[in-house]
Amino acid sequence: MKLSRQFTVFGSAIFCVVIFSLYLMLDHLQLDHTKSPNNGGDRLQNLSILQDKIDRLERLLSENNEIIANIRDSVINLKESVKDGHGGLDRGNMSQGPYLELLASPPLVLPIDSQDCQFVAREFSKPLLDVYDLLTFDNHDGGVWKQGFDITYQENEWDSEPLQVFVVPHSHNDPGWLKTFDDYYRDQTQHILNNIVVKLHEDSRRKMIWSEISYFSKWWDNIDDQKRDAVKRYLFEQGQLEITTGGWVMPDEANSHYFALIDQLLEGHQWLERNVGVKPQTGWAVDPFGHSPTQAYLLKQAGMANMLIQRVHYSVKKHFASQKTLEFFWRQNWDPASSTDILCHMMPFYSYDVPHTCGPDPKICCQFDFKRLPGGRVSCPWRVPPQPITDGNVQQRVQMLLDQYRKKSKLFRTKVVMVPLGDDFRYAEALEWDQQFQNYQKLFDYMNSHPELHVKAQFGTITDYFTALRKSAIDPGHASASLPVVSGDFFTYADRDDHYWSGYFTSRPFYKRLDRVLESHLRAAEILYSLTLANIQRFRKLNDFPAVENNRLLTEARRNLGLFQHHDAITGTGKDLVVIDYGTRLFHSILNLKQVIVNSAHWLVLKDKSAYSHNPSKAFLQMDDIQPAQDALPRKTVLKISSQPRSVVVYNPTEQDRTSVVTVYVNTPHVCVITDHGHPRRFLLFMLSFHIISYIGVFSPGQLSFVAQVPALGLGLYQLNTAVSGGAETAEYVFLRQGGELSVNMKHFTVNIPQDASTPLSIHNPHLQIWSSPTTGLMEVSHRLKLNENGSEHQIKVEFAWYGTTSNRDKSGAYLFLPDGEAKMYSPARPPVIRVTKGSVFSEITTTFDHVTHTLRLYNVQGKDGNCVCVCFNHEIAMRLTSDVDSKDRFFTDLNGFQIQPRRTMAKLPLQANFYPMTSMAYIQDPGTRLTLLTAQSLGSASLVSGQLEVIMDRRLNQDDNRGLGQGIQDNKVTASSFRLLLEKRKPSPLSYPSLLSHVSSLYLNHPLISMAVSTEAQSLSLSTFSPLASSLPCDVHLVNLRTIQSKEDGGGPSDEAALILHRKGFDCAFFNRNTGLLCATTQGKIHTEKLFSELRFQSIIPVSLTLMHTTEGGSSKEEIRLKPMEISTYRVQLT
């Protein structure tokens, strides 16, 4: 009877869908009858409209047929699942949760609103890629400005409008590089900050800027209230000290994911808001090794209007200088108007130190770095020292310096010039403050007291400069030329010759991967913790939940993740001891975040909330993996299965209902998996390892993989029981080794060692089929990858290659990639061992070489995982994918996991210049096919030949590359690099964005399901599933974070507010959207807040700037959130 009711309801739903579909078709066919056709032109126009609507009707009819077919398939699946689940298994102590045990079957055709496809029809803004076409990259000697050109001017050019000069004192403090963060603070930074308070107070004309809040907050915690009051009252309020950018660090812009970029900026800004009440207005980035428009967008969204960048390819700087476009509005390439514009200043010369900032001649400028006065520890390389300014020489020195100021100003469109005055860890001693500020003040006094010089010079902050610039260049009434608009990125950076900084895209990949693991854990912990606090408020049962302690652990993790985004941390360009310090911080934070996740999940899954008890010595839940040290890979813990059922909680940290494979280790083959509803799950048992010698004995721990269905942001429950008879389905194995004998005997498993090892190896699932070489186990061009959907076959070859380093004086190092030519194919000394594993959950081919272990895996699941080929690696190597995709010289890489940047491989550039950062994906395409490589860690990538993608996996270098580090890279670790390979059919499209499938695949790769085992002592408690969302978010909307805001009260515990950060991703509609496995739709960026959560409700929702420092005008209503494509928006929310 119950089953009949289900089919009655389902049949009614089918009828409603059909009727609604027909209604939509008729609605689209309606013509506008309000205007009468008055002439033939109108009739032709109406006929054209009619033809368009008929074409649209045909498409809708086709889609409707597919929908009906999909509904029919869903009915069949439902009938089968009901049959399979009708068994009355003992449900143990679990109770039914608020969501259906079987998630809805994914639609055959992904429902995409037609208006959501209009976004990709817009034209890009003019990209910087076009500038590269204009440049010859010939590197001519420009004279005193080696990488530029000779600059001349007329003496009377400033007669009508004086030159305004802003000298901006700064001290660049790396939070780790040659020393650790703490050592730098102890030895230098604390003294710099102490001097700021004393020396700025001595003269109100003095100014200073500061960027790194990681250092500033540490110093603030160690000073007394009197000094804090002096900083706030005299320095900030009077404008003598400016906080620029205000992030936790000055982040790298190539390897950092946009989640981490936002998080470190948010942590810095929230600290400023709580402690000093300062709101940064200008970004300052003098040292990152190349610049990303993602950072420009985030600064704009945070409420900043200006920014400064420095490390840009010297040829690009020269071109911008010659065109007077060094000051420009940086616009995102998807922006058709100007909503993303931020005013940007590009420094024109080689470096941000004093010799390369006052003007084009470093020999002259060095003479005005008064720290280099004779008798000091540093001097000028040009062997002409500075002179103290006296009444006797001030006129001559002013003329010399003013000449440089004037020449520098000729590179810009206004008569406002900015001159940085500083370097790394400057102003640590009181003497330097006196040398710089007193001598410069004498120069300024002379300039300003002589009107015939037509110059006004002063100390200023960077915002002082931008204020004057805007008044001169933008304000109405000025005749100055308007500033240009620029779109694109500034990679790959070269500072001289062929010295391209593409090596750091890959350096220390173990820690780049660890960074992403921490990101994933932090996001998961933030969301689950925030949901727990909201539910505690709803139930009004705080019990002894460790809210304050967990908030402290979250704050520490945010700051450690933020610290690692520093441009000498995630880049892999620090000293060995510094890298260990970073790794230790990441490692400890991952451990702490697991505690937060466990504590939150514990409270949420308990059916009786009053039964909650926090006991750190006896954890209710245990993570299923353990990382033994900061430089080691995690190891799975073995679950002991006995006569008592063992419960496993599975957390889905993504905003999509999800069907994915979960793997745990068990101590017995006699095991079965059931859901909390008593339904059995499809599962498979694998051996954990194999040996080349004979292996006979008792059962060693096995790998149990099963298909889990978990709601968005929710917690699913599964039981591992001892099987009454038989046990888990076991995998079947085939072992091969060319020219070598193998003897493998695994108890409980079927093992085959074929005598004829010439037959191609093959694995398949409902979507894909892969053939691989029996010699190498790799996909080869002689074999193929087949799309089962339409029967098409594509040739894809996987190879490994070595790059040597050049024999020139300058060689590859942590920063630079200077190869000795094209890569040489990797040839192992002995044949690899190949293992083919086949089972109902997944199949894989694993090849073990001397230096790398390579695995190709296909999942046999209905969800999105079944559409990808998973690729995993160990150790150091370069991976090359060669395909039959006719991509020519074009390819695409992402920037910070946020946006796609088109690339062009250029023959006029050296090989190393054609490598670019790949944070989350790279792809090649032709009019009919796209091949996407998704990555779980940042690496360097290129497409040196049509149809090819290449990724540098690891680097081991014996020598320094003369960029200050003073060592090579020899601390390589065994690294688990993870990729997914996605092959999609596409329609020709002029623009390029990721598909929805690749967006979600990347999300799943970077945010895997998290499984936790209930302790054996706690099996008696009743558990319930947790499903916080009413349904999945739209396919193109990503929940970046739900982060509890720290209380402003003493104690630093959690407040009752959270930051809800959402990102609507831009996607390409030019793909065949059948069988994607996605359980979502698109909604034109609309989210109904009242329908977002299943039980929680928004008590308040306030649109704010990205980092919560500004309340935005207008914005979304409380009832509905609306996001534009690519938009990231933040809301200050209260949940109850």
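I first looked up Gln1084, which is placed in the loop between β46 (1054-1064) and β47 (1086-1088). Here strands are DSSP runs of E with at least two residues, helices are runs of H or I with at least four, and both are numbered from the N terminus. I note that the model is predicted: local features need pLDDT of at least 70, side-chain atom pairs count only at pLDDT 80 or more, and totals for chains, interfaces and linings use all residues. Residues are numbered from 1 along each chain as its sequence is written, and side-chain values use heavy atoms, with hydrogens and water left out.

*Backbone entries.* I recorded a positive phi of about 60° for Gln1084, although it is not a glycine. Gln1084 is partly exposed, because its relative accessible area is 25%; buried means under 20%, exposed over 50%, and partly exposed in between (1.4 Å probe, protein chains only). Lys888, also not a glycine, has a positive phi of about 55°. I located Lys888 in the loop between β34 (878-883) and β35 (890-895), and its 53% relative accessibility makes it exposed. I then found a cis peptide bond between Phe491 and Thr492, with omega about 5°. Thr492 sits in the loop between β11 (485-486) and α14 (509-539). I logged these entries because most residues other than glycine have a negative phi, and most peptide bonds are trans.

*Pro1034.* I placed this residue in the loop between β44 (1023-1024) and β45 (1037-1046). Its relative accessibility is 10%, so Pro1034 counts as buried. Beyond four places in sequence, I listed contacts (heavy atoms within 4.5 Å) of Pro1034 with Gln656, Cys1080, Ala1081, Thr1082, Thr1083, Lys1086 and Ile1087.

*Thr932.* I found Thr932 in strand β39 (residues 929-935). Thr932 counts as buried because its relative accessibility is 1%. With neighbours within four places set aside, its contacts are Met921, Ala922, Tyr923, Arg980, Leu981, Leu982 and Glu984.

*Helix pairs.* Which angle do α11 and α12 make where they pack? I read about 85° between helix α11 (residues 394-409) and helix α12 (residues 430-448), with the axes 10 Å apart. Axes are lines fitted to C-alpha atoms, for helices over the stretch in contact, and angles run from 0 to 180 degrees between N-to-C directions. α11 is therefore roughly perpendicular to α12; the classes are roughly parallel under 35 degrees, roughly antiparallel over 145, roughly perpendicular from 65 to 115, and oblique for the rest. The α11 side of the contact includes Val394 and Leu401, and the α12 side includes Tyr440 and Phe444.

I next took helix α4 (residues 181-202) and helix α6 (residues 225-236), whose axes come within 11 Å and cross at roughly 50°. That angle makes α4 oblique to α6. In this pair, Asn194, Ile196, Val197, Leu200 and His201 of α4 meet Lys227, Ala230, Val231, Tyr234 and Leu235 of α6. By class, I noted 7 nonpolar, 2 polar and 1 charged residues in that contact. Ala, Val, Leu, Ile, Met, Phe, Trp, Tyr, Cys and Pro count as nonpolar, Asp, Glu, Lys and Arg as charged, and the others, Gly among them, as polar.
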